[in-house]
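These are my notebook entries on one chain. I wrote down what I looked up, in the order I looked.

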Amino acid sequence: MSGTLPEPGRSPAERAELDAYSRAVTAVAAELTPRVAALRVLRRSPGGWFASGSGSAVVFTEDGLLLTNAHVVGHAEAGTLDFADGTTAPFHTIGTDPLSDLAVLRADAATPPPVRLGEAGTLRAGQLVVAVGNPLGLAGTVTAGVVSALGRSLPARTGTATRVIDDVIQTDAALNPGNSGGALATADGEVVGITTAVAGNGLGLAVPINVTSRLIISTLLSDGRIRRAYLGLAGVPAPLPPALRARTGRRDGMRVVEVVPGAPAARAGLLPGDLLLTAEGEPVADAQALQRLMLADAIGRPLALTALRGDALVDVIATLAELPADD
């Protein structure tokens, strides 16, 4: 008599596929669990230090730099890292950027070897991903799922400023409180995202590791913060009138719904109701198209904008200001 019983309802091929899936997930878990820390942030109080929050953080360099979410760190200057092997290390905050929800930390003691950072731009919907984090302070929690969707946007807010994080990864891998700041990895163990929020209804989100986030990380390391230009308007995608659509070959522009008083957009003469068509000659169909121009080197420079107001095209020049820091 055989020492094992066959699984009812499963063919040998199905069992082999399940084994392959399990092997992939367990391999990623074994590689990443030691490298993803439980994070406890501290803030000063009149009586000294006290813990004020928790999350996860991912070691990404040999000399002890870690990535996490800005909303996990908040304004905290320091905290403690707990690794899966039972070791702990204090850390201090290098820099945070609430408008990308990324933060860089430095451990003040030895850390495990770093993860391998990948490129989120290579992901495909339906691809297997594994999330490793520390929900509720439970070190080394692993969940698996697929990339549910790509190119999603996530609103991020700091003070009075609101920005949309572009190209957020959506996954059905279960994420729980404390997963924020953890790793989202492919089946080969490359970290392609930093888990950032629980979207509800079985969906989670992660900030992608891509060209933009690598630039943000580099700038945080060198400057401790991110400077951004500021136009001072809010808008929504809106269809172009048929005649303009036929002439330009474009379907949409961005309808201005709010102009901040005294902001560069207001000083340039833009009004609520204007249909913004181009910025620096490039099409504008949504807020993301403008945000990509709001880089530090644009501060103080003129930005040429074209809008449709009624039946007339209006050209204006806005001199971009620096987005105030959230103090």
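How many salt bridges does the count come to? I took a salt bridge to be a side-chain nitrogen of Lys or Arg within 4 Å of a carboxyl oxygen of Asp or Glu. By this rule I get seven salt bridges.

**Entry: ground rules**

The model is predicted, so I note that local features need pLDDT of at least 70, that side-chain atom pairs count only at pLDDT 80 or more, and that totals for chains, interfaces and linings use all residues. Residues are numbered from 1 along each chain as its sequence is written, and side-chain values use heavy atoms, with hydrogens and water left out.

**Entry: the whole chain**

I counted six helices and 21 strands. Helices (H or I, at least four residues) and strands (E, at least two) are DSSP runs, numbered from the N terminus. Of the 327 residues, 46% count as buried. Buried means under 20% relative accessible area, exposed means over 50%, and partly exposed is in between (1.4 Å probe, protein chains only). I then looked at contacts, meaning heavy atoms within 4.5 Å. Among contacts with a separation of 6 or more, 58% are between residues 24 or more positions apart.

**Entry: Glu 31 and Arg 116**

I noted a salt bridge between Glu 31 and Arg 116, with the closest N and O atoms 3.1 Å apart. Glu 31 lies in helix H1 (residues 12-32) and Arg 116 in strand E7 (residues 116-117), so the pair ties together parts that are 85 residues apart in sequence. Glu 31 is partly exposed at 24% relative accessibility, and Arg 116 is partly exposed at 35%.

**Entry: Gly 189**

Which residues does Gly 189 touch, not counting residues up to four places away in sequence? I found Val 28, Glu 31, Leu 32 and Arg 116. Gly 189 sits in the loop between strand E11 (183-186) and strand E12 (190-200). Its relative accessible area is 0%, so Gly 189 counts as buried.

Asp 97 is in strand E5 (residues 88-97). Is Asp 97 buried or exposed? Asp 97 is buried, with a relative accessible area of 3%. Its side chain forms a salt bridge with that of Arg 228 (2.8 Å, N to O). Arg 228 lies in the loop between helix H3 (211-223) and strand E14 (229-230) and Asp 97 in strand E5, so this pair ties together parts that are 131 residues apart in sequence. Arg 228 is buried, as is Asp 97.

I also looked up polar contacts: pairs of N or O atoms within 3.5 Å, where within protein one must be able to donate a hydrogen and the other to accept it, and where residues adjacent in sequence count only if both atoms are side-chain atoms. The side chain of Asp 97 makes one with the side chain of Ser 100 at 2.7 Å. Beyond four places in sequence, the contacts of Asp 97 include Ala 70, Leu 102, Ile 216 and Leu 220.

**Entry: Arg 227 and Glu 322**

Arg 227 forms a salt bridge with Glu 322, the closest N and O atoms being 3.1 Å apart. Arg 227 is in the loop between H3 and E14 and Glu 322 in strand E21 (residues 321-322), so I have a link between distant parts of the chain, 95 residues apart. Arg 227 is partly exposed at 37%, and Glu 322 is partly exposed at 29%. A network of salt bridges links Arg 225, Arg 227 and Glu 322.

**Entry: helix H3**

Which residues of H3 are buried? I listed Ser 213, Ile 216, Ile 217 and Leu 220. Seen down the axis of H3, the buried residues fall within an arc of 100° (taken from the directions from the helix axis to the C-beta atoms), so they line one face of the helix. On the other side of H3, Val 211, Leu 215, Ser 222 and Asp 223 are exposed. The cover over the buried residues of H3 includes strand E3 (65-68), E5, strand E6 (102-107) and strand E13 (203-208).

Just after H3, Gly 224 has a positive phi of about 80°.
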